[in-house]
Amino acid sequence: MNDLMNALSKSKTDVDSLHKTISKCKAEVISYIEDVYVKYTEWPQCNQKLLKKVKEVLDNVNVVKERFESVTLGDLSAQQEQVDTLQRELHNCQISTSCTISLMEIHEKLLNLKDGKMKDNIIQAASELVHVGTLIMNLPGQELLDVVPSLKSTVAFEKTELAYAVTVMLEEMIVIKEAKAGRMQTYTMKIDKNTSQLRDIINTLRILNQLQSPLDNFRQSFWTCICKPILTSMTLIRTDDEGDFHTLTIVVKQTAPVKSYKDVLDKLLQVFSFVRTHFDYEITDGYKLHTFLGNGVEVELSQMLLRDILPHSDAIKSDSKQIVDDARNFQNELVKLETFAEANAILEYVDGVDAMLVNEKCNQYTVEAITIMKKDLHDMVEVGVHFDADNPLTGDQFPQCTISKSTLELLDKAEKVLLQSLTDPPAMATRTICAMQSIFYQYGSIVYGHHEKLLQTIPQQVVLYRNNCMYLAHRLSQLNDLYSSRFPPEVLPIPPLFKDQSHQLRTVGGDIFLGYVETHIQAMERTLSEYKFEPHQLSENMSPDIDKCFRQCLRQYELLKTVWQKVLPHAVYNKTIGYLVNAFCKRLLGTVLEAPDISVKNCELLVDLYKIVLTRAPRLFTDSEEINLYVDLWQRLNELVFVLTADLVSIEDRWKNGPLSTRFSPDEVRHLIKALFQTTDRRAHVLSQIVSVNKF
């Protein structure tokens, strides 16, 4: 019992003494560290002395701790509280001492770095800095106040300086340079032969977590200066192992696009073989520098190969299988070199080459078709079956007319493509059919857009456009009959081949042509209005040049006859001229029928003017007798001329016994009589007779 009490008493005395000693050492160390890292005074040389002193204190702490562990209290529970207190104080002393020792060790390592003791071993220096950083992170910042942030700042500065120095060394050992002399452009990639030093540099930057940025910069230069010129220009590659560097040089011979895809693939393999041989450095666990470069350029390289090189090769049209095999071999070689992964965009290209090929072909077909559509319309050729009134055309015959030669050229191109599609794989044939459907669907808008000014102003152009559309529609229907059944369901699930293209072509061709015809009707209306040929003018003096107005309108139709008669189909021409003449007759009839009063002089002038029309209008048709077939108002105009020249008796007789009652209504005839004749009993009698007759 007495021994236990003596031990506790001695331990308490030792703990108190240790606590004072540790507090004094801790204050001295913190003051020392603050002088160095906070106040930035001269670097003192007492670090080892302080460190030795603190370690001695730690040894004393351990001795006291062992004494406690050897004491057995047994049933003396009354002394337990005092023992627990002493143990806690001892534990705090131990922690404080360990913290102080860590602080001194940190400072010791920083002193070694500052003194340059590790300048020849950059990996060790980097490792020490990382270790120091870990020690600092474990220090209690609340107890050490300003010391911990200052230490962190110092370590960060040392890391930055070391990383910068090593990065400069790396950039001197792995170099990509660009040089230009006249038209000659040269790109050079060099790597130092000192592999051990280069490996140490890479490992140092990796330890400092500063490797990514210089590698990214080098990878970008590798793509821009080494890989891309091979894809965009004619190049020459040289390698050289003289001196302290392994060297690869790219000489740009000319900036013209590359034609040989094989040459591009061979040169790329040459570059990646060089990289595989000389860039075999590990940058992370199991991840090599040459693989890093390959992965870094894989996407852009594959995109340019697939977009700009392989599809545009001259061999793509004649030997696509060879391109597929070459692309696959290229991919396999890159996998062997550990440049690319097993699966990438090039393999996707190889697997989907048919789709790429048909897209390229379809784009080519479309471009060629649009070029044909934009050719001159007036380069003409005659097609169709000659008109014979005794032998009407059957449903599958096209009437004789003139079309643009480009229309036949477009159809010939389409039929060749369809014939080729019969032997193509289903996916390719389906895509080709879609392209052909799109081409003919766009025909109307593309041709009109390109020739718009000519179609709005030149009569021949607009009828050729109309004929082209109609002939294309006719031939597409025939192509449906020829080819729709020859394509299997997986190519053409829902026949026919051309579904609504024929209807669309007929619609757009007819609408554009009708719109042009309407402009001539509007021109006729404007001409008559300019010469004041209006109903109210018939009771006054008419323009002395009114006959020129009529002749001008007829002359315009005669010019259309000259241009259209040999271009349009027989029936279409006559219907169109009939439509124009009928509109003219409607205007002539309306002017007279709406006139409230017609003077005798103007009545005689009207007869002369209308007889010009009656004489010249029939000549506009292929057969003058056909005017009765195509002009609904022709007989009505003839009857109007009769009324203008007849007396009341003749009008009454023609109403009762002639065709007048079939061409005009009673109200119209009564209005004419009132406008032409003065009020008399005879006129009143005739008017009463017109009312009583109801034959119209």
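Tutor: Start with contact: two residues are in contact when heavy atoms lie within 4.5 Å. With that, take the protein's contacts between residues at least 6 apart in sequence: 72% join residues at least 24 apart. Keep in mind that this is a predicted model.

Student: What is the protein built from, and how many residues are buried?

Tutor: There are 27 helices and 8 strands. Of the 696 residues, 46% are buried.

Student: Why is Glu652 called buried?

Tutor: Its relative accessible area is 8%. Buried means under 20%. The value falls below the cut-off, so Glu652 is buried. Glu652 sits in helix α24, residues 648-657.

Student: Which residues is Glu652 in contact with, beyond its neighbours within four places in sequence?

Tutor: Arg682, His685, Val686 and Gln689. Each has heavy atoms within 4.5 Å of Glu652.

Student: Why does Val567 count as buried, and where is Val567 placed?

Tutor: Val567 has 5% relative accessibility. The limit is under 20%, so Val567 counts as buried. Its place is the loop between α19 and α20.

Student: What lies around Val567?

Tutor: Setting aside neighbours within four places in sequence, Val567 is in contact with Cys401, Thr402, Val463, Leu464 and Asn467. Take Leu464: it is 103 residues from Val567 in sequence, yet their C-alpha atoms are 7.3 Å apart.

Student: What makes Leu620 buried, although it is found in a loop?

Tutor: The label rests on accessible area. Leu620 has a relative accessible area of 1%, under the 20% cut-off, so it is buried. The loop in question runs between α21 (600-616) and α22 (627-630).

Student: Which residues does Leu620 touch?

Tutor: Not counting residues up to four places away, Leu620 touches Tyr557, Glu558, Lys561, Tyr573, Ile577 and Val581.

Student: Now the opposite label. Why is Lys532 called exposed?

Tutor: Exposed means over 50% relative accessible area. Lys532 has 54%, so it is exposed. Lys532 is in the loop between α18 (501-530) and α19 (546-564). Its C-alpha atom is 7.5 Å from that of Met542, 10 residues away along the chain.

Student: Where is Asn209, and is it buried or exposed?

Tutor: Asn209 is in the loop between α7 (195-207) and α8 (212-232). Its relative accessible area is 67%, over 50%, so Asn209 is exposed.

Student: How do you know that the bond between Pro495 and Pro496 is cis?

Tutor: Look at omega: about 5° for the peptide bond joining Pro495 and Pro496. Most peptide bonds are trans. Pro496 is found in the loop between α17 and α18.

Student: How many disulfides are there?

Tutor: A search of the whole structure finds 0. Cys434 is in none: the nearest cysteine sulfur, that of Cys362, is 8.2 Å away.

Student: Which residues lie nearest the centre of the largest pocket?

Tutor: Pro399, Gln400, Pro569, His570 and Ala571, out of 28 lining residues. The pocket holds about 490 Å³ of space.

Student: Which helix gives the most to the lining of the largest pocket?

Tutor: α20, with 4 residues. Both α17 (459-483) and α20 (570-593) supply at least two. Domain 3 (377-512) and domain 4 (518-689) each give at least three residues to the lining.

Student: How do the lining residues divide by type?

Tutor: Into 13 nonpolar, 9 polar and 6 charged.

Terms used:
Residues numbered from 1 in each chain as written. Predicted model: local features only at pLDDT ≥ 70, side-chain atom pairs only at ≥ 80, totals over all residues. Heavy atoms only, no water. Buried < 20%, exposed > 50% of the residue type's maximum accessible area, 1.4 Å probe, protein only. 1 Å grid on protein atoms, 1.4 Å probe; cavity = no way out; pocket = protein on both sides within 12 Å on 5 of 7 lines; lining within 4 Å. Points joined across faces, edges and corners; volume = space filled by probe spheres on them. Nonpolar A, V, L, I, M, F, W, Y, C, P; charged D, E, K, R; others polar. Domains from an automatic or database assignment. Disulfide = S-S within 2.5 Å.
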